[in-house]
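Let's take a friendly walk through this model together, looking at charged pairs and then at one residue inside a helix.

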Amino acid sequence: MHHLAAWLTRMKAGDAKVFCIGFNKTGTTSLHAFFEHEGLTSMHNIAWPVESHRLTGRSFFEKTTCYTDGEQAAFHRLEEWFPNAVFVLNTRDERSWLRSRIKHVMRFGVPSGQPGCTVLDRLGTMGHEFFAYPEMALAAWLAQRRTYEASVRAHFRGNDRFIELRVTEDRDWAQTLRAFVVKNRILPERARRVWAPDANKRASEEIRDQAQLAEYLSLAEEVLKDVDAIRSWSKGHLTLVHCRA
């Protein structure tokens, strides 16, 4: 009863918030479906990360409890606005993440550059940057994600209101998430079966241009190797500099 009363108090106060701040294609749609199934209000779009960067953006978050698709949200500001909020870093293996992003931008086809081609008109920013310069886009995606996730982990290290989930890889992610939000009084403790949605997956066979898909997936492998090689060189170079100092 005490837990239920505390939950009701938090919900009425409007400070019960769950911010899923991982990049897209890391189970964001599944997270959104999970929250709605649990009876929580949830927002799944890229508008709220933008609002989190506005000094006057706090009022945008007053009516909804859960937020997904939070790529590069200003988590420092969200934490300042909502001190009792909880944060979820949804992530996944980088190789499968890049492959998923490539399939996502290819869902409407490949721009031909010919008159009448409408592929570009149907794409968002991610698709435009990919088809403009695929190799550079893949490298930028990796750099942005690694930098952002490193800052998130450093900021929330040891914080009980933070959890990291691999929705696309961990079969028990829904149970883990439910226990987390119950512990932090976002949900009341109750006996019910936990549903683990597996939403918005796109099979390779769904992409019309299989030859182009194979070429892009091969490029992703090369970019991943190159980025890792640069990272290894940087670590070795910094170590040598420190030793000389």
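**A network of charges**

Arg145, Glu149, Arg153 and Glu164 are joined in a network of salt bridges. A salt bridge here is a side-chain nitrogen of Lys or Arg within 4 Å of a carboxyl oxygen of Asp or Glu. This is a predicted model, in which local features need pLDDT of at least 70 and side-chain atom pairs count only at pLDDT 80 or more, while totals for chains, interfaces and linings use all residues. Residues are numbered from 1 along each chain as its sequence is written, and side-chain values use heavy atoms, with hydrogens and water left out.

Helices (H or I, at least four residues) and strands (E, at least two) are DSSP runs, numbered from the N terminus. Glu164 is partly exposed, at 35% relative accessible area, and Arg153 is partly exposed at 30%. The cut-offs, with a 1.4 Å probe and protein chains only, are under 20% for buried, over 50% for exposed, and partly exposed in between.

The structure holds 11 salt bridges. Among them, Arg166 pairs with Glu169, their closest N and O atoms being 3.1 Å apart.

Now turn to Thr28, which lies in helix H2 (residues 28-37). Is Thr28 buried or exposed? Thr28 counts as buried because its relative accessibility is 6%. Leaving aside residues up to four places away in sequence, Thr28 touches Phe23, His44, Thr68, Asp69 and Asn90, where contact means heavy atoms within 4.5 Å.
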